[in-house]
Amino acid sequence: MSIQYHEPVLLKETLTLLAPAPGKLFVDGTLGGGGHSEALLAAGASVIGLDQDPQALEFAGRRLARYGERFRAVRSNFAEVGRVLDELGIPGIDGALLDIGVSSWQLDTPERGFSFQADGPLDMRMDPEGPVTAADLVNTAPVEELARIFREYGEESAARRVALQIEKERPIRTTLELVAVVEKVIPRRGRISPATKVFQALRIAVNRELEVLEKALLECSARLNPGGRFAVITFHSLEDRIVKLFFRERSAEWIDKPEWPEPRRNPLYQFRLLTPKPVVASEEEINRNPRSRSAKLRGVEKL
Ligand SMILES: C[S@@+](CC[C@H](N)C(=O)[O-])C[C@H]1O[C@@H](n2cnc3c(N)ncnc32)[C@H](O)[C@@H]1O
């Protein structure tokens, strides 16, 4: 492929975890450029690829067309994976992958509004038909709501001051206008933009990333066949925490509390934990693809 749409992260590690083989069916909930899906298909498996971004579907659809009926692409939020499988008449799957976040293509396309390095409209929707843009939030949300978004989703310590400055300077139309407003509150030091956390927070809020992740974890888990594998790659601590707790909560056969006379069987028990610690990128991968630096891969096997 001549255009580099997105370099798949932790590819080898993800394949080891998912163990694709002929006859197995996987859901790739974050098709993107189709890098992970291609590797699953090349190993002989079948793949249903989901993405909420029609540009990703078009690109990956073209790239993977040569796998014929073993590959199907569906435009959907991965939170709706249960409905998608129902519509296709598929009761169970042998594996699922979520590679959370935006693709390099989305990040590097200024018109999508994800980047604080190039000017573009304040959009940030992965689904271009989504109901709320970053501009809607920035220009209409009450200060308290903006401060909550920056604090909770960006872990930004200057959340309230940034929200107040935004209120003073509204309307703010473009990414670089927003960067300039943030820099009035948090002066630029070193290479990392002071707007990094604010941009991350807005992206999470616009795409409701934490809610849809929680729903997708439940839906994918419910659809896994016994022995099926589930791998999730995240890029920041809030999402990794959700995945870690979800897998951990369901991988313990017994639970205990100080006030109980004895341990009880865990009603949620359904997984064998494959990654007691998250798998991270090798130094070689980080050098080749700096975006892999913060990636964390976790996985389970359905009992
Ligand atoms: C990090 S990229 C995936 C890259 C892919 N694994 C590859 O190898 O090319 C994430 C992709 O998932 C999509 N995405 C993120 N959240 C989604 C969601 N809730 N539902 C559907 N697609 C989503 C984005 O639009 C983006 O194309």
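Helices (H or I, at least four residues) and strands (E, at least two) are DSSP runs, numbered from the N terminus. The model described here is predicted: local features need pLDDT of at least 70, side-chain atom pairs count only at pLDDT 80 or more, and totals for chains, interfaces and linings use all residues. Residues are numbered from 1 along each chain as its sequence is written, and side-chain values use heavy atoms, with hydrogens and water left out.

**Sheet**

Seven strands form an open sheet with mixed pairing, in the order E3-E2-E1-E4-E5-E9-E8; two strands pair if DSSP finds at least two bridges between them. E3 and strand E8 (271-273) are at the edges with a single partner strand each, so one side of each has no neighbour in the sheet. From one strand to the next the twist averages 20 degrees. Axes are lines fitted to C-alpha atoms, for helices over the stretch in contact, and angles run from 0 to 180 degrees between N-to-C directions.

Between E2 and E3 the chain passes through helix H3 (residues 54-64), in a right-handed β-α-β crossover. Right-handed here means that, with the strands pointing away from the viewer, the path from the first strand over the helix to the second runs clockwise.

H3 also lies across E2 and E3, at about 170 degrees to E3, where contact means heavy atoms within 4.5 Å. Helix H1 (residues 11-18) lies across strand E1 (25-28), strand E4 (93-99), E5 and E9, and runs at about 160 degrees to E5.

**Backbone exceptions**

Most residues other than glycine have a negative phi, and most peptide bonds are trans. Ala 19, in the loop between H1 and E1, has a positive phi of about 50 degrees. The peptide bond from Arg 170 to Pro 171 is cis, with omega near 0 degrees. Pro 171 sits in the loop between helix H8 (159-169) and helix H9 (175-185).

**Second largest pocket**

On a 1 Å grid over the protein atoms alone, a pocket is an open set of points where a 1.4 Å probe fits, with protein on both sides within 12 Å along at least five of seven lines; lining residues have an atom within 4 Å of a point. The second largest pocket is lined by 15 residues, with Glu 156, Ile 192, Ser 193, Pro 194 and Lys 197 nearest its centre. Helix H10 (residues 196-206) gives the largest share of this lining, three residues.
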